[in-house]
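Colleague: I would like to know what stands behind the labels on this model. Take me through them one at a time.

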Amino acid sequence: MDKPRDRKKTAAANKERKASPAQATTSTPALRVNRTRTGIHAKPTPSPEAELDDTVLYFNRELSHLQFNIRVLEQALDASHPLLNRLMFLLIFSSNLDEFFEIRVSGLKHRQALGRDDIGIDGLTPEQVLDEIARITHEQIERQYQILNDVLIPALEEHHIRFRRRGQWTDAQRKWISDYFEEEVMPVISPIGLDPSHPFPRLVNKSLNFIVELEGKDAFGREGGLAILPAPRSLPRLIRLPDTLAEKGYADHVFLSSMIHAHAQAVFPGMKVHGCYQFRLTRNADLSVDPEEVSDLASALRGELLARRYGDGVRLEVADNCPDELVTFLLEQFELSQQDLYRVHGPVNLTRMMALIGDMDRPDLLYRPFTAGIPKGLKPESSLFDTIRQGDILLHHPFQSFSPIEDLLREAARDSDVLAIKQTLYRTGADSPIVSALMEAARGGKEVTVVIELRARFDEADNLSLASRLQEAGAIVIYGVMAYKTHAKMLHIVRREGGELRYYAHLGTGNYHSKTAKLYTDYSLLTAHETLCEDVHKVFQQLSGMGKQRNIDLLLHAPFVLHERLVEMINREAKLAEKGKKTHLIIKCNSLTEPRLIRALYRASRAGVKCDLIIRGTCCLRPGVPGISENILVRSIIGRFLEHTRVFYFHNDGKPEMWASSADFMERNMFHRVETCFPLLDKKLAQRMRKDLETYLVDNCQSWLLREDGSYQQQKAGDAAPISAQETLLYAYAAKY
C-alpha cells in the first residue's frame with residue numbers, strides 16, 4: 001500500500017528548503033529574467049480558420065530544444081535548489097549545449113553545405129535556424145558565465161569553497177602548484193610548434209588547448225611564432241589544494257588552465273612567451289552508417305567511432321582576452337565564421353567542473369538523500385515469480401526502487417525452472433547488475449537472447465564492449481534491425497511451472513540502467529498477464545527472426561501500429577467531444593514534434609477536448625491559439641530528477657485508458673525505431689498513474705508553461721501553498737526522505 005500524498009507536508013518541506021541558509025545567495029535580478037522565444041514571435045497570429053499545416057502553427061524543433069536547455073540554466077538561479085546542485089544545473093547546460101552543437105547544429109550545417117534549403121513544418125530554412133541559434137546561444141552563454149562568476153562562485157566562497165586565481169596564490173600554494181606541474185603535468189604535456197614541418201595539428205573534439213605566442217629562437221635555430229599546447233585529457237581540470245595550504249575550514253581549488261598559464265614559460269625554455277590563451281573546438285560527432293552498404297554493423301561502428309573525434313568543426317570557444325588576430329587565425333584553421341565563435345569569461349570546458357560536486361563532502365549543499373521505496377507486496381523472503389503471479393506490480397522510479405527488476409533477473413538466472421530470458425538493452429552503464437545477471441544465466445546453461453542497440457548515441461563504444469562480454473558468456477546477441485533502432489524496454493522470461501510453460505515480463509519507459517534509475521523518472525511494469533507476455537514474446541521473435549508483421553493483441557508497437565493507434569485515440573476524444581461527451585487527455589513525454597500527432601491534438605482542441613500536455617523538452621505545438629489550440633496547455637517540469645516517463649491518458653467518456661511507452665511523440669520514435677506502448681490493465685494501477693499525472697498538473701514550483709508566443713513562464717505559488725510534483729511523489733513513494 002503506497003503512502004498517501006500529504007501536500008501540506010510537502011508544502012512545508014518546500015518552504016523549509018527555500019529558507020535553508022545553504023541554498024540562499026545574492027541573485028542578480030537582470031540575470032533572472034529570461035524571455036528568449038523559439039523564433040516564431042515575428043509570425044502573425046493565425047486565424048481560427050487556418051489550415052492545420054500552416055507553418056505559423058509550429059515552433060522550430062531545434063529552437064524549442066534550446067528553450068529546454070535555457071530552462072535548465074534557469075535552475076542555477078533558483079534558490080530552492082541546494083547550492084552545489086545549482087552549480088550542477090549550470091554545468092549540465094554546458095554538457096547539453098555540447099551535444100546540441102555536435103548533433104543538431106552540425107546536421108543543419110551539413111544540410112546547408114549540401115545546398116538543401118528545404119523548409120520544415122515551421123517554415124524556416126537551415127540558414128534561418130542557424131542564425132537564430134547563434135543569436136540565442138551567444139546571449140545565453142554570456143549569461144551562463146555571468147551566473148557562474150557573479151552569483152555561484154561568490155556564493156560558494158561564502159560556504160568556504162574557493163577557486164584561487166594566480167594572483168591569489170600564497171607563496172606556499174605557489175610552491176606546491178609548481179611542484180605539481182613539474183611532477184604531474186610536464187611528463188605528459190606535448191607542445192606543438194607551428195612551422196612548415198609542424199602544420200596545425202588535428203585536435204580532438206572538445207579537448208582543452210592553448211594557443212601560445214612565442215618570441216626568440218629555439219635549440220634548432222627556428223624563429224618563434226605560434227605553438228599549440230593540448231592539455232592532457234588524463235589530468236583533472238580542477239585540482240584541490242592540500243587543506244594545510246588553505247585557510248582553516250576552506251577548500252581551495254585551482255584550475256589546470258591556471259597552472260598551465262602560470263608555467264607556460266617552463267614549457268618553452270629560452271623562449272619569451274607573449275601570451276597563452278585557452279580554446280576548445282566542438283566537432284560534428286554524429287555517426288553515419290549507411291544500411292545499404294554495411295555488412296557488419298559492429299565493424300562499421302568501430303570505424304565511425306574513431307572518426308567521431310575528428311569531425312568537421314562547428315563551434316570555437318576561446319578565452320575573452322585572446323587577441324583578435326589569434327582568434328582569426330584559429331577560425332581560419334577550422335574553417336569557421338564569426339558566428340561560430342564564442343568568447344567566454346572563464347574556463348572553456350565547464351563540464352569538467354562536475355568533478356567538484358562528487359569530491360566535496362558537503363551534504364548541507366546538496367539535495368537531501370532519500371531511500372527509494374519498495375511496495376509492501378514485494379517481500380525479501382518471497383519469490384518474485386510468486387508475487388508477480390498474484391497481480392501486476394507498478395514501480396515509479398526513482399521514488400521507488402529499481403532493485404526489483406535486478407532481483408528478478410538474478411532470481412531467474414539461478415532458478416532451475418527458468419528456461420529462457422530475452423531482453424533489450426539500449427543504455428546500461430559499465431558495471432551493470434542487469435548484465436551480470438544475464439551473463440550468469442548464460443553461463444548456467446539458460447537460453448539468453450539480448451537485443452543490444454549498438455547505435456545508442458554516445459554509448460556505442462560501451463555497447464560494443466557489452467556485446468562482446470555477453471557473447472563470451474554464451475548469450476545470443478542480436479543487434480536489432482539495421483534500419484530501425486531498438487529503443488523498446490522489454491524483458492521476457494520463460495519458466496516451467498507444474499509441467500507447463502509460463503511467461504513473465506517487464507515493460508518500462510526507461511533504460512535498464514541502475515544509475516540513471518536514481519536520477520530519471522520512469523515507470524516499470526512487472527506482469528504475468530498471459531496476453532501481454534505473449535505479445536512481448538512475439539515482438540522478440542519479430543526482432544530476432546524474419547517474417548511478416550505478427551498479430552499483437554494488447555501492445556502497440558512502432559514502427560507498425562503505434563502512431564496510427566495514438567492518432568485514433570486522440571481522434572476518438574475529439575469525436576466524443578463533438579457529441580457532447582466528457583473528454584480529457586493527458587500526454588506526458590519528453591518531446592512532441594511529429595506533425596500528424598500535433599494536427600490530431602489541434603483537431604481535438606477545436607472539438608473542445610481539454611488537452612494537458614506535459615512535455616519536458618522539445619515542443620513544436622503552439623498552444624493557446626484562439627479557435628485552434630486554446631484548449632491545450634503545455635507545461636514542462638524541470639527539477640531534481642530528469643522527467644523521462646512517457647504516459648498517455650484518455651478519458652474516453654468514462655471508460656479511461658492509461659498507456660505507458662518507451663516512445664516520445666517524435667517522427668524517429670514512430671517510424672524509425674522499435675518501440676512499445678503498453679496498457680495499464682489493472683484499474684488500481686491505472687488510477688494510481690493518473691493521480692501521479694494530476695500531481696504534475698498542479699505543480700507550482702517546478703512547472704513552466706509554454707505561451708502562445710513561444711516563451712516559457714515559470715509557475716509561481718503566490719499566496720497558495722507551494723506544490724512540487726517531485727517532492728510530493730518522494731513523500732508518497734520513498735521509504736525514507
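Colleague: Why is Leu 543 called buried?

Modeller: Buried means under 20% relative accessible area, exposed over 50%, and partly exposed in between, with a 1.4 Å probe and protein chains only. Leu 543 has a relative accessible area of 7%. That value is under 20%, so Leu 543 is called buried.

Colleague: What kind of model is this, and how are residues numbered?

Modeller: This is a predicted model: local features need pLDDT of at least 70, side-chain atom pairs count only at pLDDT 80 or more, and totals for chains, interfaces and linings use all residues. Residues are numbered from 1 along each chain as its sequence is written, and side-chain values use heavy atoms, with hydrogens and water left out.

Colleague: Which helix holds Leu 543?

Modeller: Helix H16, residues 530-544. Helices are DSSP runs of H or I with at least four residues, strands are E runs of at least two, and both are numbered from the N terminus.

Colleague: What does Leu 543 touch, not counting residues up to four places away in sequence?

Modeller: Contact means heavy atoms within 4.5 Å. By that rule Leu 543 touches Val 451, Ile 478, Val 481, Thr 486, Met 490 and Val 674. Take Thr 486: Leu 543 and Thr 486 are 57 residues apart in sequence, and their C-alpha atoms are 8.7 Å apart in space.

Colleague: What makes Leu 562 buried?

Modeller: Its relative accessible area is 1%. The cut-off is under 20%, so Leu 562 counts as buried. Leu 562 lies in helix H17, residues 562-578. Its contacts, again leaving out residues up to four places away in sequence, include Ser 661, Ala 663, Met 670 and Cys 677. Leu 562 and Met 670 are 108 residues apart in sequence and 6.7 Å apart in space, C-alpha to C-alpha.

Colleague: What makes strand S21 mostly covered?

Modeller: Five of the six residues in S21, residues 632-637, are buried.

Colleague: How do you know that S20 and S21 pair?

Modeller: Two strands pair if DSSP finds at least two bridges between them. Strand S20 (residues 611-615) and S21 have four bridges, in the parallel sense.

Colleague: Why are S2 and S9 said to stand at the edges?

Modeller: Look at the open sheet of six strands, with mixed pairing and the order S2-S4-S3-S7-S8-S9. Strand S2 (192-193) and strand S9 (341-344) each have a single partner strand, so one side of each is left without a neighbour in the sheet. S9 is joined to strand S8 (residues 313-319) by four bridges, in parallel. Glu 317 stands opposite Tyr 342 in S9.

Colleague: Which helix packs on the sheet at about 15° to the direction of S9?

Modeller: Helix H5, residues 126-158, which touches S8 and S9. Axes are lines fitted to C-alpha atoms, for helices over the stretch in contact, and angles run from 0 to 180 degrees between N-to-C directions.
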